Every structure is written in structure tokens, then in C-alpha cells.
Amino acid sequence: MGCRDVHAATVLSFLCGIASVAGLFAGTLLPNWRKLRLITFNRNEKNLTVYTGLWVKCARYDGSSDCLMYDTTWYSSVDQLDLRVLQFALPLSMLIAMGALLLCLIGMCNTAFRSSVPNIKLAKCLVNSAGCHLVAGLLFFLAGTVSLSPSIWVFFYNIHLNKKFEPVFSFDYAVYVTIASAGGLFMTSLILFIWYCTCKSLPSPFWQPLYSHPPSMHTYSQPYSARSRLSAIEIDIPVVSHTT
């Protein structure tokens, strides 16, 4: 791996993170989290399907693409606990993932435009390129956990609703979009962790997550010999003898 340069792994993780955040954004806005199918036995009427999202609700007749009823105030009156949790979890997950993307971008820029000699002013910032990518990997993992857990809960909550009322509830494709996006966040985190673990053995001060002491801050001692560190008694002193 080209650990001292911008590697394909870091670029791939950045692109994968962008795609995952875009998927989370789409899953958050889609009105297709849960379907409530109302079947009528009257031949003169059509079956009705109610599509429930995190923010809006839409009711459609079978074979129609237009909403018979479009409730834009649904977000304030959500009566289903799993959707209410997702209203907070998905925006929080996107916020964490965007912070991780920002750290990835800072790390790649730091790698691309760094000099070959450590800068004492930059050393005061403590975190370098490797540290940015390591923290970004942890944030991607956290964002994936925050978005995946409540998304999986939708499956179990559907079972609860069908037992409590009638078996007319089913989950829709927004659940799959969100779960796939959460999987993308975990993959992004895994790529960064593998990249870091492969390259962390480099001794360069540019690679350690935290600077220890830059070479410009080291104190150097003069090359004294081993003899000069002895006591004054052991130093050879010429003795002049007088003959009588």
C-alpha cells in the first residue's frame, strides 16, 4: 500500500461514505416505510393502500399513482414508536457520517499537501492524516449502528402491529434502502480500519495518530566521549618531577 500517499483505499472509503449518506438521505425522505392495505369486497370500489413515511402519509387506490390523501403534518402526529425513533436516529446518523466524511477529506488533503519535514506549528494540532482516518472510521461505525438498529426494529414492530390489530401491515422498500446504506457505512469503516492496520507500522511521525515529539523539537546532546564523562580524578594529569 502507498501509505505515505493518498491511496485508493482512502478514496474508495470516501466515495462509499458519500453514497451511504445519500442513501440515508433518500431513506429518510421516502414515504415508503410501512404499508397499510385495506381490502374491500365491494366490486364497485377499489382497494386502498396507505403508505406511511417518517414525515408524510399518502393513500392511493390500486393502479393509481396519485395520492388520494397526502398528509404533510404526519411527522408531528406519528403514533408508531419505531417511526418516531427513526425520525431522530436517521438525521443523527447522517450528521455523524458527514463529520466522518469531513475528517476523511481533511486527512486526504493533509496527506496530499504535506511536506517532507515535520512542521512544529502543525505538530501542535496533535492529529495528523492517520488520526483523521482512524477517527473517521470510528464515526462511520457509530453512524452505521445508529441507523441500522432502528431500521431492523421495523421488521419486529410490523409483527407487533399485525398481532395487535389485523395482518394488514407490511414494510416497504425504504427499509431496505436504509439498511443497505447502513451496511455501506460499516463497509467504509472496515476499509479505513484495514488501511490503518496495514500501514500503522510505519515509524514516520507523519503516520502516528498523535505526534509524540517532532524531530525539530528534540534536544540533542554534544558528542562527548566516554572518557570526558568520568570524574576529574580519573583524568590524566601530567606530573613534572624535579631532579636534585
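The legends below describe close-up views of a predicted model. Local features need pLDDT of at least 70 and side-chain atom pairs count only at pLDDT 80 or more, while totals for chains, interfaces and linings use all residues. Residues are numbered from 1 along each chain as its sequence is written, and side-chain values use heavy atoms, with hydrogens and water left out.

**View 1. The open sheet has five strands in the order β4-β3-β2-β1-β5, with antiparallel pairing.** β4 (69-71) and β5 (169-171) stand at the edges with a single partner strand each, so one side of each lacks a neighbour in the sheet. The twist averages 20° from one strand to the next. Strands are DSSP runs of E with at least two residues, and helices are runs of H or I with at least four, numbered from the N terminus; two strands pair if DSSP finds at least two bridges between them.

**View 2. Strand β3 (residues 57-61) runs antiparallel to β4, joined by three bridges.** Ala59 has Met69 of β4 as its bridge partner.

**View 3. Thr188 sits in helix α5 (residues 173-199).** Thr188 counts as buried because its relative accessibility is 0%; buried means under 20% relative accessible area, exposed over 50% and partly exposed in between (1.4 Å probe, protein chains only). Not counting residues up to four places away in sequence, Thr188 touches Ser13, Cys16, Gly17, Ser20 and Phe140, where contact means heavy atoms within 4.5 Å.

**View 4. Val85 lies in helix α2.** With 32% relative accessibility, Val85 counts as partly exposed.

Definitions and conventions: Axes fitted to C-alpha atoms, helices over the stretch in contact; angles between N-to-C directions.
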